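Subject: Structure handover

Hello,

Here is the structure I said I would pass on. Please look it over before you read my notes.

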Amino acid sequence: MQPITIIGGGIGGLCLAIGLHQRHIPVQIYEAAPALRPVGAGILLAPNAMNLLERWGLTEAVRQRGLCLSALGGSEFGIVDAQGRSLLPGFDLKLMRERFGQELVTISRAALQQTLLDALPANCVQLGKRLVGLHQTAEAVQAAFADGSTIQTACLIGADGLRSAVREQIFPQHPLRYSGQTSHRALVQLDYRELGQPIAAEIWGQQLRFGYTPVGQDLVYWYATSLAAQGQRDDSPAAARETLLAQGHDLPAIAKTLIAQTRDEALLRTDISDLAHLKTWYQGRIGLLGDAAHATTPNLGQGGCQAIEDAWVLAEMLARYDQPQLAFLHYQKRRMPKAQAIVDTSWRVGSLVHLPHAWQQQLRNRVLRLVPRSLGQRQTNVIYALND
């Protein structure tokens, strides 16, 4: 069997390669970057992702490199206002394990990426391979790279993110949708015991939404989102910290401490966009996975988790069907409804967070406090259940 080709060495691409490798299907990843550097700082692996990582035999390695919040004395991961008052019922971490068989695990993206790489053969990833062209016939796909090299493959999957070069080749100029929000995030060296209680939370302030969670014994991940025109850039990390501290003037002390202690090189900024619904995730022998197919805003913490779900299903379909088109068709039928629902729900949550006027925020907060816990549980059931 010819190797299946994956473009992109992020979480989705690596997980797909693991799924194929464990099914004894040869696979090769081509990554544009000259070195594998994780995009982002930390990630929350929800039960849907952890259940699939368990099927690949990776949960123990993930837990060793990350953290289960309940093991640190945390009972809930909730959303609160700037005064620490609950806005929405939190995720009951004990109940989560009872219901879904797995807990919420936090981990740095670097540690997760290394765990996934360790599960693959050493020669599985080729670096410095930026895709510049695709041409397919009824029998094969030819891919051209910026270094002048080309390959021919029977099946190619684009797992190359929001601004996918593969997607641009098969569905050119499909628009991204800017949310009106930008994000800052970082990893900070800090003993998790200094966080106090809650040990992890998301805080909705007047101008800044701020979340934090430990991802290691002495490593804390934080993120912040705010309204911003698209394409703005920080003058310097120092200026960015100053702006964030001003925007977060109403936030609790722990948020200000994490921002102030962030090293210049650790501070990342990204405008938040998603992808308008694609009608199909494949063309002939070329398919899409993860953000390349259904990029979502990060408001549900499901971007990486949905890529992992994609990888499990697509590996199963490619093992089941000899024709890539059939594999892609059945993969799309299984995954598209849930993935698109995640995109839409996440967009609505983002719109709800950053209301521009104080009276709107106050009204929103009063309404959210009336939401019954059972409604939140139904929502998590939809997100965390697997489509087996």
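Predicted model: local features only at pLDDT ≥ 70, side-chain atom pairs only at ≥ 80, totals over all residues.

Residues are numbered from 1 along each chain as its sequence is written, and side-chain values use heavy atoms, with hydrogens and water left out.

Backbone

- The peptide bond between Q197 and P198 is cis, with omega about 0°. P198 sits in the loop between strand 13 (176–189) and strand 14 (201–204). Helices (H or I, at least four residues) and strands (E, at least two) are DSSP runs, numbered from the N terminus.
- H24 is not a glycine, yet its phi is positive, about 65°. The loop that holds H24 runs between helix 1 (11–22) and strand 2 (27–30). H24 counts as exposed because its relative accessible area is 73%, exposed being over 50% (1.4 Å probe, protein chains only).
- Q173, also a residue other than glycine, has a positive phi near 60°. Q173 belongs to the loop between helix 6 (165–170) and strand 13. With a relative accessible area of 68%, Q173 is exposed.

Helix 11

L329 is part of helix 11, which spans residues 324–353. At a relative accessible area of 27%, L329 is partly exposed, a term for values between buried (under 20%) and exposed (over 50%). In sequence, L329 and T280 are 49 residues apart; in space, their C-alpha atoms are 8.8 Å apart.

Regards
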